[in-house]
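Come along as I look things up, one entry at a time.

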Amino acid sequence: MSHAAVPLTRRAFGQTLRPDAWWVQPVVVFLALGGFIVYATWAALQNAHYEFGPYLSPFYSPVLFGDSPHAVFGPKPSAWPGWLPFSPALLILPFPALFRFTCYYYRGAYYKAFWADPPSCSVGEPRSNYRGENSFPLILQNVHRYFMYIALVFIVILGYDAVKAMWFTDAATGAKEFGIGVGTLVLVINVVLLAGYTLGCHSLRHIVGGYVDRLSGAPVRRISYQCVSCLNRGHMRWAWPSLFWVAFADVYVRLCSMGIWTDFRLI
Amino acid sequence: MTQATFSIWRGDSGGGALVDYETEVSEGMVVLDAVHQIQAEKANDLAVRWNCKAGKCGSCSAEVNGMPKLMCMTRIDELDLSKPVTIEPMRAFPSLRDLVTDVSWNFRVKKKIKQFTPRPPDAPDGSWRMQQSDVDRVQEFRKCIECFLCQDVCHVLRDHHKHEEFIGPRFLVYAAALEMHPLDVADRVDELKQAHGIGYCNITKCCTKVCPEHITITDNAIIPLKERVVDRHYDPVAKLVRLFRRTAGQETSGRA
């Protein structure tokens, strides 16, 4: 059959024949991620109310420098520039934030919600030029695995915080005693959700076994690959609850510290 | 029987428009049945490509209500018939006539991908041995029926027309099926980065969403290939490890 090549026509921004409410999902993602970024930035800049009893807000853990008894290396370094606001959270939050920013799931979600690239499947885009992740700046997304390594360390640290949140100081004697408060549960759930998200990472899946074509000869590698693949199948379902819960954990510790909420001891 | 309106794109390489056709639909009908009914009753010259009517040949790909779908697998009772149902040809490919598009670009792209290259046979009779668990991963990719709905919905092709620089999700799945095959020894990583343009994929997962065979295109094919490209081109530590292994290998062979 002979035919002339027909130039493909571009659709205008938002143009589609889809009759469904395709815009709902990107709007929800925009509001949820945008809300989290605004809250996390505000909370990180507060440099106050990030601990209560044995609880430490995950936004501030580990406290590298600061006035808190949790501080690993003591008070704020004297060399810290006076014009730069200081908060222990600012030293550590960029790492988990960049782990999420470069995450394969979130990339797909925020490219749609924040850049409309595309706004939704088979919906017209606002820009005609496109470079994708082929060139700067989005080529930098390829560093994801390095932030994953750091995120794994954070899981260990937050697990340690959750264990510490089970040891309360007796106000009268000063002795440590085992206990479980609502805050303990909040921090335990937080580390479980973050571990489910981090251990289902696409890069981790590749590193534990995805890079080889024959897993049958390496049973440990095969089982690791299967476990990570299992979590990876629900990566989105871990991504959102873990994001909300880490913010909620900060809210919980903050409001308890401010005396607005009361932390109930269960045991 | 219910009366329904179908807005079907009529035109050719010179252009076209949506034309409304009313027809009766009944329980159990799919969109392709309605198109055939319209073809028989009202538009004998309506061009539509189809073959198996069972979702296995991948011929009747089109856009139903704006979403890429197989017409033979889209049930009428899933659609809102209070409004006209739109049926358009795939927008990522040049129109030939009515619902038929020229998908030959896909076959040209397929030829560019390095073919299956097995390692030397494992047994004297020229046969190979492999574990089922090793081929499980690539068997998912073999379900592809080449309907090209994933190519159609991919915004890199559909909206940005990067046909010369990007092979599209279908052929990333094809490359993954070869690259991850336990017997294959060919190396396609450099081509994936350069000629096949894997970096253009920005993981919208639209291809996975429209796949009628439910292949997890993005998570199981594209992202693992992207990670292999990262290993080779963007991970300095992996580069150092490879260099160390190569050097150690040379020393060992030198001693031998």
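**Entry 1: a term I need.** I call a residue buried if 20 or more other C-beta atoms lie within 10 Å of its own. I also note at the start that this is a predicted model.

**Entry 2: strand E3 of chain B.** Are the faces of E3(B), residues 61-64, covered or open? I found both faces covered. B:Ser61 and B:Glu63 are buried on one side, and B:Ala62 and B:Val64 are buried on the other.

**Entry 3: the partners of E3(B).** Next I looked up which strands pair with E3(B). Strand E4 of chain B, residues 67-70, pairs with E3(B) in the antiparallel sense, over 4 bridges. I followed B:Ser61 across and reached its bridge partner, B:Leu70. The hairpin of E3(B) and E4(B) has 2 residues between the strands, and B:Asn65 takes a positive phi near 50° there. Strand E5 of chain B, residues 85-88, also runs antiparallel to E3(B), joined to it by 2 bridges. Opposite B:Val64 I found B:Ile87 of E5(B).

**Entry 4: around B:Ile87.** Which residues is B:Ile87 in contact with, leaving aside its neighbours within four places in sequence? I listed B:Phe6, B:Ile8, B:Trp9, B:Val31, B:Val35, B:Ala62, B:Val64 and B:Leu99.

Entry 5: In domain 1, 14 residues are in contact with 14 residues of domain 2. E4(B) supplies the largest share of the domain 1 side, 4 residues. By class, that side has 8 nonpolar, 3 polar and 3 charged residues.

**Entry 6: where chain B touches chain A.** I counted 45 residues of chain B in contact with 38 residues of chain A. Several elements of chain B each supply at least two residues to its side, among them E4, E5 and helix H3 (132-139). Which helix gives the most to that side? I noted H9(B), with 8 residues. The residues on the side of chain B divide into 16 nonpolar, 15 polar and 14 charged.

**Entry 7: a look at chain A.** Chain A comes to 9 helices and 4 strands. Its C-alpha atoms fill a box of roughly 95 × 50 × 40 Å along the principal axes. Of its 267 residues, 34% are buried. Among contacts in chain A between residues at least 6 apart in sequence, 70% join residues at least 24 apart.

**Entry 8: confidence.** Last, I looked up the scores. Chain B averages a pLDDT of 95, and 98% of its residues score at least 70. The model scores ipTM 0.92 and pTM 0.93.

Conventions:
Residues are numbered from 1 along each chain as its sequence is written. Chains are lettered from A and ligands numbered from 1 in the order in which they are written. This is a predicted model: local features need pLDDT of at least 70, side-chain atom pairs count only at pLDDT 80 or more; totals for chains, interfaces and linings use all residues. A residue is buried if 20 or more other C-beta atoms lie within 10 Å of its own, exposed if 12 or fewer, and partly exposed in between; C-beta atoms are placed from the backbone. Two strands pair if DSSP finds at least two bridges between them. pLDDT is the predictor's confidence in each residue, from 0 to 100. Two residues are in contact if their C-beta atoms, placed from the backbone, lie within 7 Å. Ala, Val, Leu, Ile, Met, Phe, Trp, Tyr, Cys and Pro count as nonpolar, Asp, Glu, Lys and Arg as charged, and the others, Gly among them, as polar.
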